[in-house]
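The entries follow in the order I looked things up.

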Amino acid sequence: MLRSIKDQSVGFMSSAVRIIKKYPNRRLYDTEISSYITIEDVRQLIVDGEDFEVRDAKSGTDITRSVLLQIISEHESDGEPVLSTQLLSQIIRFYGDSMQGFMGNYLERSMQVFLDQQQQFRSQMGGLLGQTPWTMMNQLTERNLEMWKEFQKTMIGGAAPTAKTAERDPPKRGR
């Protein structure tokens, strides 16, 4: 119920869902900006938190899931994968199982808990370290500079005679 209230409130604040049309030649057309885009542009929409649907240009069928799976597949084959072979095998085993209906919901909730914990951790680390790592580095640099200046004052002050010492001990002349 909380989710549906949240979704409804978001609907009032945002405009209509962005529509991307996929043509038979595999090209993607973003109707909001009236331009062709790449699959990487679609991935960036996801990263940016944009709401969108991908529709088959000919039939109007919602094909968002297949495009999202394509993005995952491409990123899994490049670099370090997020989904291990064992995890993928376990997910495949749930297809056709009596628990299949619960698996998607479970994974969504688990991911949301993970994201919430990650955000909380980042907030706590931000509080410990200051606004940014650069802020912390600047603070450390300033402290080190102050300590260096103090060290120099101490060393120079100890090595150079003070005015009172010079008055008290006149320079010695050779005998």
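**Entry 1: layout**

I began with the secondary structure, and the protein has seven helices and four strands. A caveat for everything below: this is a predicted model. Reading from the N terminus, I get the order α-β-β-β-α-β-α-α-α-α-α.

Of the 175 residues of the protein, 10% count as buried. The exposed surface comes to about 15200 Å², and carbon and sulfur atoms supply 58% of that. For contacts with a separation of 6 or more, I note that 42% are between residues 24 or more positions apart.

I went to β1, residues 18–22, and checked its two faces. R18, I20 and K22 sit on the covered face, while I19 and K21 are on the uncovered one.

Which strands does β1 pair with? On one count, five bridges join β1 to β4 (residues 52–56), and the two run parallel. On another, three bridges join β1 to β2 (residues 28–30), and this pair runs antiparallel. K22 turns up in both pairings: its bridge partner in β4 is D56, and in β2 it stands opposite L28.

**Entry 2: the nonpolar core**

I then asked which residues make up the largest nonpolar core. The set has 11 residues in all: I20, L28, I37, I39, V42, L45, F52, V54, I63, V67 and I71. By element, α2 (39–47), β4 and α3 each supply at least two residues of this core. The biggest contributor is α2, with three residues.

A search of the whole structure gave me five salt bridges. The general idea is that side chains of opposite charge can pair when their charged atoms come close.

R18 and D30 meet through their side chains, at 2.7 Å from N to O. This pair links distant parts of the chain, with R18 in strand β1 and D30 in strand β2, 12 residues apart.

Are these two buried or exposed? R18 counts as buried because its relative accessibility is 10%. D30 is buried too, since its relative accessible area is 1%.

R18 has another partner: E50 forms a salt bridge with R18, with the closest N and O atoms 3.5 Å apart. E50 lies in the loop between α2 and β4 and R18 in strand β1, so this pair ties together parts 32 residues apart in sequence. With a relative accessible area of 35%, E50 is partly exposed.

**Entry 3: the pair in α2**

Moving on, I found a salt bridge between R43 and E40, whose closest N and O atoms are 2.7 Å apart. About one helical turn separates R43 and E40, because they are three residues apart in helix α2. Both ends are partly exposed: R43 has 24% relative accessibility, and E40 has 37%. Back to the other group for a moment: salt bridges that share partners join R18, D30, E32 and E50 into one network.

I also put R43 against I72. They are 29 residues apart in sequence, and their C-alpha atoms are 9.3 Å apart in space. I72 is found in helix α3 (residues 64–77), and with a relative accessible area of 43% it is partly exposed.

**Entry 4: a patch on the outside**

Last, I looked for nonpolar side chains on the surface. M111, F114 and L115 form a nonpolar patch there, with about 300 Å² of accessible area together. L115 is found in helix α5, residues 100–129. I have L115 down as partly exposed, because its relative accessibility is 38%.

How values were computed
Residues are numbered from 1 along each chain as its sequence is written. This is a predicted model: local features need pLDDT of at least 70, side-chain atom pairs count only at pLDDT 80 or more; totals for chains, interfaces and linings use all residues. Side-chain values use heavy atoms; hydrogens and water are left out. Buried means under 20% relative accessible area, exposed over 50%, partly exposed in between (1.4 Å probe, protein chains only). Two strands pair if DSSP finds at least two bridges between them. Patches are made of residues with over 30% relative accessible area and no salt bridge: like charges are joined within 9 Å, nonpolar side chains (Val, Leu, Ile, Met, Phe, Trp, Tyr) within 5 Å. Accessible areas come from the Shrake-Rupley method with a 1.4 Å probe; for residues, only the protein chains shown count as cover. A salt bridge is a side-chain nitrogen of Lys or Arg within 4 Å of a carboxyl oxygen of Asp or Glu. A nonpolar core is a set of buried Ala, Val, Leu, Ile, Met, Phe, Trp, Tyr and Cys residues joined through side-chain atoms within 4.5 Å. Contact means heavy atoms within 4.5 Å.
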